[in-house]
Amino acid sequence: MFLRDDDRFDGETLFVLGGKSRYFVPERDERRVRNHFSRVRFETIAESGHNPHFDARPRFAEMVRIFLTGP
């Protein structure tokens, strides 16, 4: 699925990235994401690959829990 240029979501958004993944390149991709998600927060799990929800499930779940409920 591709986003149209005018697609926007202004709610808080969490992107959890795998530090070993080469799919997301901050210099190239952060600006593109921010164009669609104005209140995005990027978090990286350094030891994870492209699928942090599999590679680092406990840390991923903790990040999501904190995002949804606070520390």
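This is a predicted model: local features need pLDDT of at least 70, side-chain atom pairs count only at pLDDT 80 or more; totals for chains, interfaces and linings use all residues.
Residues are numbered from 1 along each chain as its sequence is written, and side-chain values use heavy atoms, with hydrogens and water left out.

Now for the overall layout. The chain has three helices and two strands, arranged along the sequence as β-α-β-α-α. Both kinds of element are DSSP runs numbered from the N terminus: helices are H or I with at least four residues, strands are E with at least two. The C-alpha trace spans about 35 × 30 × 20 Å along its principal axes. Of the chain's 71 residues, 28% count as buried; that label means under 20% relative accessible area, with exposed over 50% and partly exposed in between (1.4 Å probe, protein chains only). Take the contacts between residues at least 6 apart in sequence, and 70% of them join residues at least 24 apart.

Back to the histidines. Histidine 36 sits in the loop between helix H1 (26-34) and strand E2 (37-45), while histidine 50 is in the loop between E2 and helix H2 (52-55). Leaving out residues up to four places away in sequence, histidine 50 touches Ser21, Tyr23 and Asp55. Its C-alpha is 7.9 Å from that of glycine 19, a residue 31 places away along the chain.

| Residue | Relative accessible area | Class |
|---|---|---|
| Histidine 36 | 15% | buried |
| Histidine 50 | 44% | partly exposed |
| Phenylalanine 15 | 22% | partly exposed |
| Phenylalanine 37 | 21% | partly exposed |

On to the rings. The structure holds three aromatic pairs; rings of Phe, Tyr and Trp (its six-membered ring) pair if their centres lie within 6.5 Å, and planes under 30 degrees apart count as stacked, over 60 as edge-to-face and the rest as tilted. One of the pairs is phenylalanine 15 with phenylalanine 37: the centres are 5.5 Å apart and the planes are at 65°, so this one is edge-to-face. The pair ties together distant parts of the chain, with phenylalanine 15 in strand E1 (residues 9-18) and phenylalanine 37 in strand E2, 22 residues apart. Phe15, Phe24, Phe37 and Phe42 make up one aromatic cluster.

Next, the second largest pocket, which holds about 200 Å³ of space. It has 13 lining residues, and the closest to its centre are Leu17, Gly18, Gly19, Ser21 and Phe24. A pocket here is an open set of points on a 1 Å grid over the protein atoms alone, where a 1.4 Å probe fits, with protein on both sides within 12 Å along at least five of seven lines; lining residues have an atom within 4 Å of a point. The volume is the space filled by probe spheres set on the points, which are joined across faces, edges and corners. E1, H1 and E2 are the elements that give two or more residues to this lining, and E1 gives the most, with three.

Terms used:
Contact means heavy atoms within 4.5 Å.
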